[in-house]
Amino acid sequence: MLDLDGVLHISGKPIEGGARAVQRLREAGHRLRFLTNNTTHSRSQLAKAIRGFGIELDDDELQTTPVAAARALNGRRVLALTMPAIRDDLEGVELVGDTADAVLLGGADETAETNRVFSYMNLGRAFAELEAGAGLYCLHKNPWWQTSRGPLLDAGAFVVGLEYATGTMATVLGKPSASYFEAALEALDADPEHAWMVGDDVDADIGGAAALGMHTILVRTGKFRDDAGAWSAQPEAVVDSIADVPDLVKRAGS
């Protein structure tokens, strides 16, 4: 299982050796699943972008949090504070402005759209719906993500703010939730002890996968920070980049 942001690219710039690494993993017979907490593009847009890096990828190999949200919230009335691009992936969800069954928060992006989605007015509307009994859901709870300009604040801050204001804990639909990784294992028809997760996020990638008994590899790209004493989970291996993963997996005999 391969994360996207920080593993295969940063702000749309491919990480050197990524395309060849994916090719080598396929040639070695590994079944692949691409997992992402990206909440700014639809699955089809993301898949097209990754193919633009020279990486072989079918749309149905890419697992996104909006698709997970559509499964979890199917048939419900949802106030969605998400980027407009992903709303087509919320199939079966009734998007509403009031009297919602659930409030769903997505992630921030690098454009001014974030200012509109997470405006005080919209957060106040979400607060009112939660106070009226709606459930709180988020596509992820990431506090920040790595861009070509450096780290940027992500929507996890807004999720925690609503939790604090309402006393309601959010249900996380993306990584590191067990249900998200379990869906990936099911899609691959794989047991956890025979699966590897490659990521740059210690909390979302490494911690979530390790909790299910998966093997974990942390790359020194993207969100990686060389402060192991502060890590919430310990990976089995740390490598410079995705380019080093095929050799590591081969040496492990997997």
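**Charged and aromatic contacts in a predicted model**

Let's begin with a charged contact: the side chains of Glu56 and Arg26 meet in a salt bridge, with 3.9 Å from N to O. Glu56 sits in the loop between α2 (43-51) and β5 (62-64), while Arg26 belongs to helix α1 (residues 18-27), so this pair ties together parts that are 30 residues apart in sequence. Glu56 is exposed, with a relative accessible area of 57%. Please keep in mind as you look around that this is a predicted model.

That contact is one of 14 salt bridges in the structure. Another one joins the side chains of Asp3 and Lys175, at 2.7 Å from N to O. Here the pair links distant parts of the chain: Asp3 is in strand β1 (residues 2-3), Lys175 is in the loop between β12 (171-172) and α7 (178-188), and the two are 172 residues apart. What is the relative accessibility of Asp3? The value is 5%, and because buried means under 20%, Asp3 counts as buried. Lys175 counts as buried too, at 2% relative accessibility.

Now look at the surface, where Glu186, Asp189, Asp191 and Glu193 gather in a patch of negative charge. Among them, Asp191 is found in the loop between α7 and β13 (196-199). With 43% relative accessibility, Asp191 counts as partly exposed.

Let's finish with the rings. How many aromatic pairs does a search of the whole structure find? There are three aromatic pairs. One of them is formed by Phe118 and Phe158, which are stacked, with 4.7 Å centre to centre and 15° between the planes. Phe118 lies in the loop between α4 and α5 (120-131) and Phe158 in helix α6 (residues 156-166), so this pair ties together parts that are 40 residues apart in sequence. Phe118 counts as buried at 6% relative accessibility, whereas Phe158 is partly exposed, with a relative accessible area of 23%. Phe224 and Trp231 form an aromatic pair as well, and this one is edge-to-face: 6.0 Å centre to centre, with 65° between the planes. Both Phe224 and Trp231 are buried.

Methods:
Residues are numbered from 1 along each chain as its sequence is written. This is a predicted model: local features need pLDDT of at least 70, side-chain atom pairs count only at pLDDT 80 or more; totals for chains, interfaces and linings use all residues. Side-chain values use heavy atoms; hydrogens and water are left out. A salt bridge is a side-chain nitrogen of Lys or Arg within 4 Å of a carboxyl oxygen of Asp or Glu. Helices (H or I, at least four residues) and strands (E, at least two) are DSSP runs, numbered from the N terminus. Buried means under 20% relative accessible area, exposed over 50%, partly exposed in between (1.4 Å probe, protein chains only). Patches are made of residues with over 30% relative accessible area and no salt bridge: like charges are joined within 9 Å, nonpolar side chains (Val, Leu, Ile, Met, Phe, Trp, Tyr) within 5 Å. Accessible areas come from the Shrake-Rupley method with a 1.4 Å probe; for residues, only the protein chains shown count as cover. Lys and Arg count as positive and Asp and Glu as negative; His and the chain ends are not counted. The place of a charge is taken as NZ of Lys, CZ of Arg, CG of Asp or CD of Glu. Rings of Phe, Tyr and Trp (its six-membered ring) pair if their centres lie within 6.5 Å; planes under 30 degrees apart count as stacked, over 60 as edge-to-face and the rest as tilted.
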